Amino acid sequence: MRWTAIAALALAAIVAPASAQDSMDQAARTEKFAELPYWPGYWVSEYTIGTTIGGAAPALAEARERGDTSFFRNFMSLNGGGASWNEEGRARLAEVRAAARGRKADGWGFPMMMNAATPIVFAITPELVIITNSYGETRHIYTDGRPMPDELDMWPTVYGTSVGHWEGDTLVIETRMVSTPSDYFHGAPPYSEDAVYVERLRLEGDRLIGDYTVTDPTYLSEPFHTQVSWLRDEGFDRMIQIDWDNDRTSFDGEFNTIEAEAVED
Amino acid sequence: MNKFGILAAVAGLGMLAPTVQAHHSNAMFDTSREVNMRGVVREFQWSNPHAYIQMVVTEEDGTETEWSMEMGAPMYLYARGWRPRTLRPGSVINVRAHPLRSGEPGGVVVDVTDADGNEIGTNQ
């Protein structure tokens with residue numbers, strides 16, 4: 001009992017100053033929190049607004065009917081279709097697209113998860129912004145002032161390594177060391193692992209806007225600029241994450257098709 | 001009369017607007033045509049990147065064929081009021097769909113009604 005009491009006192013002596021410091025830190029952090037933008041809700045790429053039960057995006061169909069090609073440029077624009085690929089890059093893009101028929105994917109990956117048929121949410125704190133989607137894909141963007149990690153401390157991953165900072169109400173993100181996006185999702189761009197992605201995200205009215213610049217000295221002849229926009233669609237009340245576990249895309253020699261589902265006896 | 005039977009096979013519907021899906025090209029489906037299938041739900045696959053209605057259709061000669069009817073991703077279905085138990089195994093349903101170009105028994109859902117023709121969900 002005596003030793004227990006002594007131990008408790010010793011612990012209290014250690015913890016007390018830290019608690020006071022913690023309180024000060026917490027107050028400062030609360031102030032920082034209050035200054036940050038707040039982007040609540042479930043954001044979907046603008047072209048997917050009103051996606052039907054059949055998975056179709058009516059805005060795209062309507063744009064096609066009225067011949068609005070500018071709208072189509074916004075359709076999955078992060079796939080790099082509008083980028084200036086160098087000769088090697090063009091060959092690589094053609095190869096990847098040709099092999100995409102019937103190919104299954106593992107998910108959207110980065111950058112496509114920012115431009116995909118899934119809602120995303122933003123959790124904004126002073127030190128960290130987390131972006132996640134309904135496939136359990138998550139990005140961690142450190143906004144605590146740290147620099148990009150040393151190159152030797154990074155390696156290519158599906159979502160890369162991101163640091164960010166706020167310029168007013170604009171979140172600026174730099175992402176490096178993204179493994180070749182098209183390896184993960186067949187519709188993604190085949191950038192090299194040396195590509196650098198810069199995003200500038202901001203709220204304009206009810207619309208979230210993202211300006212993207214991708215620099216890839218290996219496969220692009222000049223930086224690729226594009227814009228993505230998101231809106232809040234109706235019907236979402238929470239993020240429900242479900243694995244990408246039933247990709248039945250297949251290829252019948254002429255068209256993609258649905259992989260057969262065996263009839264159980 | 002067959003137990004369920006195919007109601008109407010294929011109708012030309014050139015007036016329909018083309019649809020575009022995001023995960024894969026929509027080219028696999030013939031959006032100029034529709035099939036109207038009546039059958040029994042074997043399984044409702046509430047799965048990513050697409051949900052599927054696996055339904056068994058009994059043809060006029062008694063042959064049973066299982067169709068794979070593709071839908072959107074669960075989050076979008078949820079947003080449109082669907083739930084994993086919206087369709088239960090054994091339920092009789094009618095599905096209007098754009099069929100696969102390949103001729104295989106599959107398509108992308110346009111709308112779904114129950115055995116009595118009451119709407120369960122629609123693309124329109």
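Over all chains, the structure holds 16 salt bridges, a salt bridge being a side-chain nitrogen of Lys or Arg within 4 Å of a carboxyl oxygen of Asp or Glu. Please note that this is a predicted model, in which local features need pLDDT of at least 70 and side-chain atom pairs count only at pLDDT 80 or more, whereas totals for chains, interfaces and linings use all residues. Residues are numbered from 1 along each chain as its sequence is written, chains are lettered from A and ligands numbered from 1 in the order in which they are written, and side-chain values use heavy atoms, with hydrogens and water left out.

Let me begin with chain B. Its secondary structure comes to one helix and seven strands, taken as DSSP runs numbered from the N terminus (helices H or I, at least four residues; strands E, at least two). Along the sequence the pattern reads β-β-β-β-α-β-β-β. Of the 124 residues in chain B, 54% are buried; here buried means under 20% relative accessible area, exposed over 50%, and partly exposed in between, with a 1.4 Å probe and protein chains only.

Within this chain, Glu34(B) and Arg96(B) form a salt bridge through their side chains, at 2.8 Å from N to O. Glu34(B) belongs to strand 2 and Arg96(B) to strand 5 (residues 92–99) of chain B, so the pair ties together parts that are 62 residues apart in sequence. Which of the two classes, buried or partly exposed, applies to Glu34(B)? Glu34(B) is buried, at 4% relative accessible area, while Arg96(B) is partly exposed at 21%.

I turn now to the interface. The contact, defined as heavy atoms within 4.5 Å, takes 46 residues from chain B and 50 residues from chain A. About 3900 Å² is buried between the chains, and carbon and sulfur atoms give 60% of that area; buried area is the accessible area (1.4 Å probe) that two parts lose on being put together, summed over both. How many salt bridges does the rule find across this interface? It finds one, in which the side chains of Asp233(A) and Arg80(B) meet at 2.8 Å, N to O. Helix 1 of chain B gives the largest share of the side that touches chain A, namely six residues.

Asp233(A) leads us to Tyr42(A). The two are 191 residues apart in sequence, yet their C-alpha atoms are 7.1 Å apart in space. Tyr42(A) lies in the loop between helix 1 (2–35) and strand 1 (43–45) of chain A and is partly exposed at 22% relative accessibility. Its side chain reaches the backbone oxygen of Asp237(A) at 3.3 Å, and a polar atom of that side chain lies 3.5 Å from the backbone nitrogen of Arg238(A).

Finally, the cores. In soluble globular proteins, nonpolar side chains tend to be buried together. The largest nonpolar core has 57 residues, and Trp39(A), Trp108(A) and Trp230(A) are among those that touch the most other members; such a core is a set of buried Ala, Val, Leu, Ile, Met, Phe, Trp, Tyr and Cys residues joined through side-chain atoms within 4.5 Å. Apart from it lies another core, of 20 residues, including Val35(B), Met55(B), Val57(B) and Trp67(B). Thank you for your attention.

Conventions
A polar contact is a pair of N or O atoms within 3.5 Å; within protein, one must be able to donate a hydrogen and the other to accept it, and residues adjacent in sequence count only if both atoms are side-chain atoms.
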